[in-house]
Amino acid sequence: LATGLEFLLAYPYGCLEQTVSASFPLLYLADLAAATKPGSMTRDDTAQYVQAGVLRVLSMQQYNGGFAYWPQCNGTWAWGSVYATHFLVEADKAGFEVPKDTLDEALSFLEQHVEELDWRERDDENDTWHANAYNRAYACWVLATAGRRPIRSRAEPM
């Protein structure tokens with residue numbers, strides 16, 4: 001466990017995916033440590049790293065609520081936006097400081113993202129269509145986890 005923790009804390013890259021991937025396990029590390037070696041680590045031991053991860057992720061948030069691949073980049077990365085929002089939802093639930101307005105903007109982005117898939121254009125031979133559908137399914141799961149659901153303006157199935 002110690003070697004894995006050292007790797008997470010010294011992860012050398014800082015793009016959106018790597019920041020979330022390094023920060024996400026830290027949400028649960030104190031619980032895992034308490035179960036495997038009681039008294040070895042508390043939530044306070046990891047809190048500053050989680051909070052730094054939250055702030056780093058938020059530094060990549062775009063005007064539309066989605067997230068860019070790198071800080072100071074323009075453009076929204078759909079899959080990374082879902083993954084980053086998932087992390088922020090879980091960090092918020094775990095009691096870390098996630099500004100409500102920015103979390104709400106990220107969740108609104110996911111709602112819009114889900115709405116963009118036109119199910120009438122389904123193409124079973126198109127890998128891109130499937131990747132988009134899978135990403136939107138993940139977005140629906142994150143929204144449900146946050147207590148929200150996309151509002152469908154059309155009568156097509158989700």
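1. A quick definition before anything else: a salt bridge here is a side-chain nitrogen of Lys or Arg within 4 Å of a carboxyl oxygen of Asp or Glu. By that rule Arg136 and Glu116 meet through their side chains, at 3.5 Å from N to O. This pair joins distant parts of the chain, with Arg136 in helix H7 and Glu116 in the loop between H6 and H7, 20 residues apart. Arg136 counts as buried because its relative accessibility is 8%, while Glu116, at 48%, counts as partly exposed. For these labels, buried means under 20% relative accessible area, exposed over 50%, and partly exposed in between (1.4 Å probe, protein chains only).

2. Some ground rules. This is a predicted model, where local features need pLDDT of at least 70 and side-chain atom pairs count only at pLDDT 80 or more, though totals for chains, interfaces and linings use all residues. Residues are numbered from 1 along each chain as its sequence is written, and side-chain values use heavy atoms, with hydrogens and water left out.

3. On confidence: pLDDT is the predictor's confidence in each residue, from 0 to 100. The chain has a mean of 86, and 90% of its residues reach 70 or more. Where pLDDT is low, the predicted coordinates should not be read in detail.

4. The fold is quick to describe: seven helices and zero strands, giving the pattern α-α-α-α-α-α-α along the sequence. Helices (H or I, at least four residues) and strands (E, at least two) are DSSP runs, numbered from the N terminus. The chain has 158 residues, and 42% of them count as buried.

5. Have a look down H2. Its buried residues are Leu16, Thr19, Val20, Ala22 and Ser23. Seen along the axis of H2, they fall within an arc of 165°, so they line one face of the helix. The arc is taken over the directions from the helix axis to the C-beta atoms.

6. Now the aromatics. Rings of Phe, Tyr and Trp (its six-membered ring) pair if their centres lie within 6.5 Å; planes under 30 degrees apart count as stacked, over 60 as edge-to-face and the rest as tilted. The structure holds seven such pairs. One of them is Phe24 with Tyr28, which is stacked at 6.4 Å centre to centre and 20° between the planes. Phe24 also meets Phe87, with ring centres 5.5 Å apart and planes at 65°, so that pair is edge-to-face. Phe24 sits in the loop between helix H2 (16-23) and helix H3 (26-36) and Phe87 in helix H5, so the contact ties together parts that are 63 residues apart in sequence.

7. How buried or exposed are those rings? Both Phe24 and Phe87 are buried, with Phe24 at 13% relative accessibility. Tyr28 is partly exposed, at 39%. The aromatic cluster takes in Phe24, Tyr28, Tyr69, Trp70, Trp77, Trp79, Tyr83 and Phe87.

8. Trp70 itself lies in the loop between helix H4 (43-58) and H5, and is partly exposed at 37% relative accessibility.

9. Back to charges. Which side chain pairs with Glu111 in a salt bridge? It is Arg148, with the closest N and O atoms 3.0 Å apart. The pair links distant parts of the chain, from Glu111 in helix H6 to Arg148 in the segment after helix H7 (127-145), 37 residues apart. Glu111 is buried at 19% relative accessible area, and Arg148 is partly exposed at 21%. Asp104 joins these two in a network of salt bridges.

10. Finally, Lys100 and Asp92 form another of the four salt bridges, with the closest N and O atoms 2.6 Å apart. Lys100 is exposed, at 56% relative accessibility, while Asp92 is partly exposed, at 22%.
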